[in-house]
Amino acid sequence: MTNRAYRAKLWLNRNYNLNKQVEADQRMLEILQDRLGNGVAKYESDGSECHDSDAARQRHEDTLLEMSQLRERYEREKRQLVEETAKTRKAISELQDPAQRAVAVDRYINGLKWENIAELEHVAIAQVYRIHRTMLEQMATVLENFGGV
């Protein structure tokens with residue numbers, strides 16, 4: 001992989017990684033919400049019940065604070081993801097080859113694994129890797145024209 005292609009891959013991975021972080025935060029928010037809803041916040045981390053109501057209340061308040069902070073981060077990252085996705089989609093749309101565009105969208109917008117991309121595009125995984133490699137070279141040129149890399 002050339003240095004240009006590597007920089008293009010890093011640029012594309014920003015969107016991919018941010019998408020994964022937003023998904024992880026969303027799952028964690030659901031877990032914390034479940035914890036509050038099921039009264040699990042009233043238990044110590046070792047699983048023993050809190051007999052001290054002050055300790056139970058403190059654990060509940062700590063969970064609420066953690067949720068609040070996580071929700072703020074989640075909302076901030078979600079807004080950032082929308083902006084990054086728009087930039088990424090615009091750059092991908094400049095690629096000339098439809099197969100390259102499809103692989104780029106599947107991987108960097110939809111977050112699919114290589115095996116799933118091969119199945120979806122009805123090609124061998126080795127072909128997906130070849131398309132991806134040439135796409136990165138083309139993306140480097142696109143980004144240079146946009147001033148991104």
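Biologist: Which residues touch the most other members in the largest nonpolar core?
Modeller: Leu12, Leu95, Met135 and Met139 do, in a core of 17 residues. Keep in mind that this is a predicted model.

Biologist: Which elements give two or more residues to this core?
Modeller: Four helices do: α1 (3-37), α2 (53-93), α3 (98-109) and α5 (125-146).

Biologist: And which one gives the most?
Modeller: α5 does, contributing six residues.

Biologist: Let me step back. How many helices and strands does the protein have?
Modeller: Five helices and zero strands. Along the sequence the pattern reads α-α-α-α-α.

Biologist: How much of the protein is buried?
Modeller: Of the 149 residues, 34% are buried.

Biologist: What share of the contacts with a separation of 6 or more comes from residues 24 or more positions apart?
Modeller: Such residues account for 70% of those contacts.

Biologist: Now α1. How far does α1 reach from its first C-alpha to its last?
Modeller: It reaches 50 Å with 35 residues, close to the 51 Å expected at 1.5 Å a residue.

Biologist: Where is the kink in α1 centred?
Modeller: On Asn13, and the kink is about 30 degrees. The C-alpha of Asn13 is 9.2 Å from that of Arg107, although the two residues are 94 apart along the chain.

Biologist: Which helix holds Arg107?
Modeller: Arg107 is in α3.

Biologist: Is Arg107 buried or exposed?
Modeller: Its relative accessibility is 13%, so Arg107 counts as buried.

Biologist: What is Arg107 in contact with, leaving aside its neighbours within four places in sequence?
Modeller: Tyr16, Leu112, Lys113, Trp114 and Ile117. As for Leu112, its backbone oxygen is 3.0 Å from a polar atom of the Arg107 side chain.

Biologist: What about Asp25, buried or exposed?
Modeller: Asp25 is in helix α1. It counts as buried because its relative accessibility is 3%.

Biologist: And which residues is Asp25 in contact with, leaving aside its neighbours within four places in sequence?
Modeller: Leu70, Arg73, Tyr74 and Glu77.

Biologist: New topic. How many aromatic pairs does the structure hold?
Modeller: One. The pair is made by Trp114 and Tyr129, with ring centres 5.8 Å apart.

Biologist: Why is the pair edge-to-face?
Modeller: Because the ring planes of Trp114 and Tyr129 are at 70 degrees, and planes over 60 degrees apart count as edge-to-face.

Biologist: Is Trp114 buried or exposed?
Modeller: Trp114 counts as buried, at 16% relative accessibility. Tyr129 has 39% relative accessibility, so that residue counts as partly exposed.

How values were computed. Residues are numbered from 1 along each chain as its sequence is written. This is a predicted model: local features need pLDDT of at least 70, side-chain atom pairs count only at pLDDT 80 or more; totals for chains, interfaces and linings use all residues. Side-chain values use heavy atoms; hydrogens and water are left out. A nonpolar core is a set of buried Ala, Val, Leu, Ile, Met, Phe, Trp, Tyr and Cys residues joined through side-chain atoms within 4.5 Å. Buried means under 20% relative accessible area, exposed over 50%, partly exposed in between (1.4 Å probe, protein chains only). The expected span of a helix is 1.5 Å times one less than its number of residues. The bend at a residue is the angle between axes fitted to the seven residues ending there and the seven starting there. Contact means heavy atoms within 4.5 Å. A polar contact is a pair of N or O atoms within 3.5 Å; within protein, one must be able to donate a hydrogen and the other to accept it, and residues adjacent in sequence count only if both atoms are side-chain atoms. Rings of Phe, Tyr and Trp (its six-membered ring) pair if their centres lie within 6.5 Å; planes under 30 degrees apart count as stacked, over 60 as edge-to-face and the rest as tilted.
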